[in-house]
Amino acid sequence: MQNFRLKNLKKTIVALSGTFGARVFVYLMTAMILIYIVFDLLMIRSHHKIIVDIMVKEGQTITRLLADNVRLGVFSENVDLLSPPVQSTLEQREVMTILVIDREGKQLLKEGQSSLGSSQNCEEGLKKFIKLSRENLQQQLTFSQKDENCLVIGAPVLISHEQQAEQLYFDTDLSYPEIPTRFPYRLLGYVAIAFDEEALTKSRQQVFSEHVGLFIVFLIAASLVTLLIVRQAIRPINRLIALVKNSNLQVEAPGQIDLLDKSFSSLVNQLTEAFSTINQLHLDLEEVTSELIKTQEQERQRIALDLHDDVAQNLSSLRMTCDTLFDEMPKEASESLLKKRDNMSEQLKGCIQTVRHLSYDLQPPSLTQLGLAQAVRQLTDDFAAANQLEIDFLASGFEEFEPEYDFAINCYRIIQEALNNVKKHANASKVRIRLVASYPSIILRINDNGVGFDSEDKVAKASGGYKMGLQNMIKRTHLLNGRMKEFKSVPGGGTKILIEFPYPEKKDE
Amino acid sequence: MLPATLTRASTILFLSFCLMMAAQRCWAYNIVVLQTSQAAPYEKSLEGFMSLAVTPALKKGQKSIQADSVKVIQLNNQTRGRDLKRKVLGHRADLVLAVGRKALLRAMDLPDNLPIIYLLAPGGKSLSQGQTNISGIEMDILPARQLAAFIEILPSIKRLGVIYDPEKSADIIKEARSIAQLNGIELITEKAHSAREISGLIFGMAGRVDAFWMLPDSTVLTPNTIETMLSFSFEKQVPLLTFADKYLNLGATVSASFDLYDMGVQAGRMARKVLGSPSKKLGAAEHPEKVSMKLNHKIAAKLGIVVNTASLSLDL
């Protein structure tokens, strides 16, 4: 029982370590991955937004430059003046379509890159731009619209300033010379550039693939780092395991793990000592029991001998003396005296038989004279006759094997105790006994058809006598290094006992 | 206690001094200068005006023009008409000098018996048309003088192109045509009614002109058309002849412009004349007498033109 508890403790700690580390690793990795994914999605969005903003700014710069370059062309509504700056702008890879309109929204020029197909999104963006410019003639808009796949940027085409009369002659506005620049602008028209959707898509894909790459790198690095951390973290637990296994390892670790470790260490030491003491006591008890049983048998043997050799002999002599009491005075003995003599003789005869039975019970003579099998046969025969029982006894394997007296007497007593229990408690009509010697074991099987009992609770509920008898059987079994392999009883179903002994070792003479 | 004699003498001296101060005032003309702003061109021309206008008595029995009798009023948005009138009349102005177009416009609200001379007011003549008390120095150099100057600088010019708005510059062109003819130069003209037409008209002159003449015509000359003209000059290798120095910096070849100080001097001379005449009647508006010729050497070199630098006032 104690060994079982210690084993369970060890198992628990091993299991704790084995899955604990894995669980911590999985939890940490899951948390880190989730957090990384959340932040990474935000970063991707931000990164993409930055790229788009940069593209928009660059687009605005290109558009403003173009607006400045096409001023003359817009002013004079001269397509020949518009074409050169428009064509040179179209040479830029990202530029897809250029639209030039006047103040009223009238299209002056629209050109696109032939290598790129027109995008529905961009056409809609350009139409929206024209509509907006028509609605806001007095304002100078800088238009920027980004759909999913297209970027349309518009800029106003302006005359640099309205001239005062003096400004025909002078650079500055002479009315307000303290203000270095005072340039009211006049709107001439608008320029809109539609930028290639592919650039936007590529930028998005590029950002995404960069982040996927980063994620893979992060995964590998995080796994390694987490693994190292977890291993470091559960090292005290591993030491604890070693401590439990070895029971003598001192572990230094901070905090609660240290306390746990020390508590476990102390507990294990105490348990080990206790189990050791218990085992020792158990051994001592077994030894004492063994000695007790031996002493008991020796005493029985001595008493049996004394009874047989001494008391029985004396009683026999007394009986003989009683029988020959009136042989020398036959005529003087009356009938009554002779009758009394005869009674005394019978009583003495009874005493002698009783003493002899007692002696036989204490030490069956057949055990030493005829061997275990014959002694048990005689016992069963006598028992059956005395108790009106049908006892079926069969011994096998003892033809060439005769166990020593210690084994024989204890085995004999076990059978004797079993039969006594049958007589007292079982109320059986039949008993079956098998004693088989088959190297390396000797098997003893005792079955009856008695009233039976609840064998699960036999020790707690059994009567005092039965309990003692059963305990004697168990003690003698252990004394012989045997094992009660089966002790089964069902109410109304009889009782079955199966005991297995190892072959007894021959003692050196 | 001072002796009575001394006291009497001091009193007489003091009174005499006061009288003399008053007398000086009585003998100086009061001039009010209305200045549009403190811009450098105005200051420069005012300096010129002051250098000549301030003078002792012009004739016996006449008043002088003293520096401290010239009151300068800077116009700003807060100066109201009534305030201005009060200031001018309070100073008992004998003459008003309006420096700048804005000053001229404000001066035109003053009583019409007050002589007003304008300076650095573009289109002053047309603005003050019908008002006999207003005259001044125009900002345009006479076409004859300009053409004469251009021909002297660029003797190889035979065909001179010019674009103008008939509503604004017809008179100039009429005068210029006759002068050009006299000098053996063909004046090739194009009329424009809006600035939009300029680019087409000027590039249409390519191959037909040896030089292009920029007129101070506000219809023709706008920032965009200036760029067009400059583009034409560069692309077609045609020198640009202009009337103001600022276009030289932008890429014109030769400028025939006025000198600010000299204009001021000229206005001062006009002021002395009108104050000196009994009727205080102003003469007709004048054009700048002195012409300042300037050349942009880099542009000239790029255009590969031959320049007579002897008449240049200043090389750029």
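A salt bridge here is a side-chain nitrogen of Lys or Arg within 4 Å of a carboxyl oxygen of Asp or Glu. Keep that in mind for later stops on this tour.

**Before you start**

You are looking at a predicted model, in which local features need pLDDT of at least 70, side-chain atom pairs count only at pLDDT 80 or more, and totals for chains, interfaces and linings use all residues. Residues are numbered from 1 along each chain as its sequence is written, chains are lettered from A and ligands numbered from 1 in the order in which they are written, and side-chain values use heavy atoms, with hydrogens and water left out.

**Stop 1: chain A as a whole**

The chain has a mean pLDDT of 80, with 79% of its residues at 70 or more. Confidence is highest in strand β8 (residues 441–448) of chain A, at 94, and lowest in helix α12 (residues 458–461) of chain A, at a mean of 52. Where pLDDT is low, the predicted coordinates should not be read in detail.

Now switch to a cartoon view: chain A has 13 helices and 10 strands. These are DSSP runs numbered from the N terminus, with helices being H or I of at least four residues and strands E of at least two. Of the 509 residues in chain A, 38% are buried; buried means under 20% relative accessible area, exposed over 50%, and partly exposed in between (1.4 Å probe, protein chains only).

**Stop 2: helix α13**

Pick T477(A), which sits in helix α13 (residues 464–479) of chain A. Is T477(A) buried or exposed? T477(A) is buried, at 1% relative accessibility. Beyond its neighbours within four places in sequence, T477(A) is in contact (heavy atoms within 4.5 Å) with residues including I414(A), M484(A) and F501(A).

**Stop 3: helix α5**

Next, go to F208(A) in helix α5 (residues 197–233) of chain A. F208(A) is partly exposed, with a relative accessible area of 48%.

**Stop 4: charged pairs**

How many salt bridges are there over all chains? The count is 21. Side chains of opposite charge can pair when their charged atoms come close.

- In chain A, show K488(A) and E486(A), whose side chains meet in a salt bridge (3.8 Å, N to O). K488(A) is partly exposed at 46% relative accessibility, and E486(A) is partly exposed at 21%.
- In chain B, show D210(B) and R159(B), a salt bridge at 3.1 Å, N to O. D210(B) is in the loop between α8 (198–203) and β8 (211–213) of chain B, while R159(B) is in strand β6 (residues 159–164), so this pair links distant parts of the chain, 51 residues apart.
- Staying in chain B, D262(B) and K290(B) also form a salt bridge (3.8 Å, N to O). D262(B) belongs to helix α11 (residues 260–276) of chain B and K290(B) to the loop between α11 and β11 (292–295), so the pair ties together parts 28 residues apart in sequence.

Finish by selecting E297(A), R300(A), R413(A) and R476(A), which are joined into one network by salt bridges that share partners.

Notes
pLDDT is the predictor's confidence in each residue, from 0 to 100.
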